[in-house]
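Please examine the sequence and structure below before reading on.

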Amino acid sequence: MDFSLSPDQRRLREEMVRFARQELNEDLLRRDGAKEFSREAWERCAKVGILGLPVPEAYGGSGADPLTVMVVMEALGYGCRDNGLLFSLNAQMWSCELPLVKFGTEEQKARYLPGLCDGTLIGVQAMTEPESGSDAFALATTARKEGDRYILNGSKTFITNAPVADVFVVFATIDRAAGLPGICAFLVDRGSAGLSVTGPVEKMGLRTSPMGDVFFSDCEVPEANLLGGPGSGMALFSTSMNWERACILAPAVGTMERQLEEAVRYARERKQYGQQIGKFQAVSHRIVDMKLRLETARLLLYRLGWRMGRGRVPPMDAAIVKLYLSESLVASGLDAIQIHGGSGYMTESEIERDLRDAIGSRIYSGTSEIQRNIIAGQLGL
């Protein structure tokens, strides 16, 4: 297996790093403090083709292979410090665009995918409920068939992009007694009667990624908006989550590389007791650990991207990538702050924000505990 990047992939990575540095970090300190989502940055990302990466050319995307998508997102993580923006981009690509690509009808794809690619639409998935977090399929939202439409009732919580979304992929059950086979997915437009959205809610990190709650009160959805057919909700959600776990933390590899470079530079420049702090093993060993995590994370990510490009998305490999990258991102964020000392703890350094944003990676898309459960199950335990 050769995980080295092609000349086109290396060129694309360099272009994306330059783009991210020049276009996506504007006024970030203020925006993070104000919990402000940048629609301008979102549209810039759409203009250079980021939102269309996993979408076929016929629907406005570029149809990039999984490894190329990972390389682009890694580059953004390196050049862009707005982790909330990157999280929102990933949320749309894997929880809204991918289900449409894999399960949508031709009419649904033609109606939604071009707008999702060019930035005129923002989309997201609505699965999590107040009483069903990690146990996602224990949802209570119902869909009742009436003629040529479904009537949705229920609520969703902690929904990324909800306050700014134009279309929601909503999971509901058409028959609670049927269990998993009764779960369906629906495309619900923002202006649908009976749909209401709250937020944005305040949270510890990823503050520039808007999050809110979604409520359905006799919300009417045309039968044509049923995504994937009756009873396909479980397959749709599982497929979407597998891709999401595999790809959503690709930016983390770029972030860890940036953190490593900043730590090395600071350890060379900062002097205490008459020498560079990098000469102290307590500091240098932390930096070595950061390097080890970075290289291991990149190898795991690229290996999975290589396998996905050959038509496989192994659930255990996706869970391993999600688990290892999220835990490594938090550990490297802690090391970066410790190496920089008091200055790293200050907001102005923009180092502490990476750690705040990293904590959520151990929770979203399935907690670290859930990833360990998946891996254990795949091992036959």
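A salt bridge is counted here when a side-chain nitrogen of Lys or Arg lies within 4 Å of a carboxyl oxygen of Asp or Glu. The model is predicted, and by this rule it holds 29 salt bridges. Side chains of opposite charge can pair when their charged atoms come close.

| Pair | N to O distance |
|---|---|
| Arg44 and Glu23 | 3.7 Å |
| Arg149 and Glu220 | 3.3 Å |
| Arg293 and Asp335 | 2.9 Å |

The salt bridge of Arg293 with Asp335 joins helix H9 (residues 281-308) to helix H10 (residues 315-340), the two residues being 42 residues apart. Both Arg293 and Asp335 are buried.

Arg44 also pairs with Glu23, connecting helix H3 to helix H1 (residues 7-23). Arg44 is partly exposed, with 27% relative accessibility; Glu23 is partly exposed at 30%.

A network of salt bridges links Arg13, Glu74, Glu257, Lys291, Glu295 and Arg298.

Turning to the loop, Gly63 lies between helix H3 (39-47) and helix H4 (66-79). Gly63 counts as partly exposed because its relative accessibility is 44%. Beyond its neighbours within four places in sequence, Gly63 contacts Gly52, Leu53, Val55, Pro56 and Glu57.

How values were computed: Residues are numbered from 1 along each chain as its sequence is written. This is a predicted model: local features need pLDDT of at least 70, side-chain atom pairs count only at pLDDT 80 or more; totals for chains, interfaces and linings use all residues. Side-chain values use heavy atoms; hydrogens and water are left out. Helices (H or I, at least four residues) and strands (E, at least two) are DSSP runs, numbered from the N terminus. Buried means under 20% relative accessible area, exposed over 50%, partly exposed in between (1.4 Å probe, protein chains only). Contact means heavy atoms within 4.5 Å.
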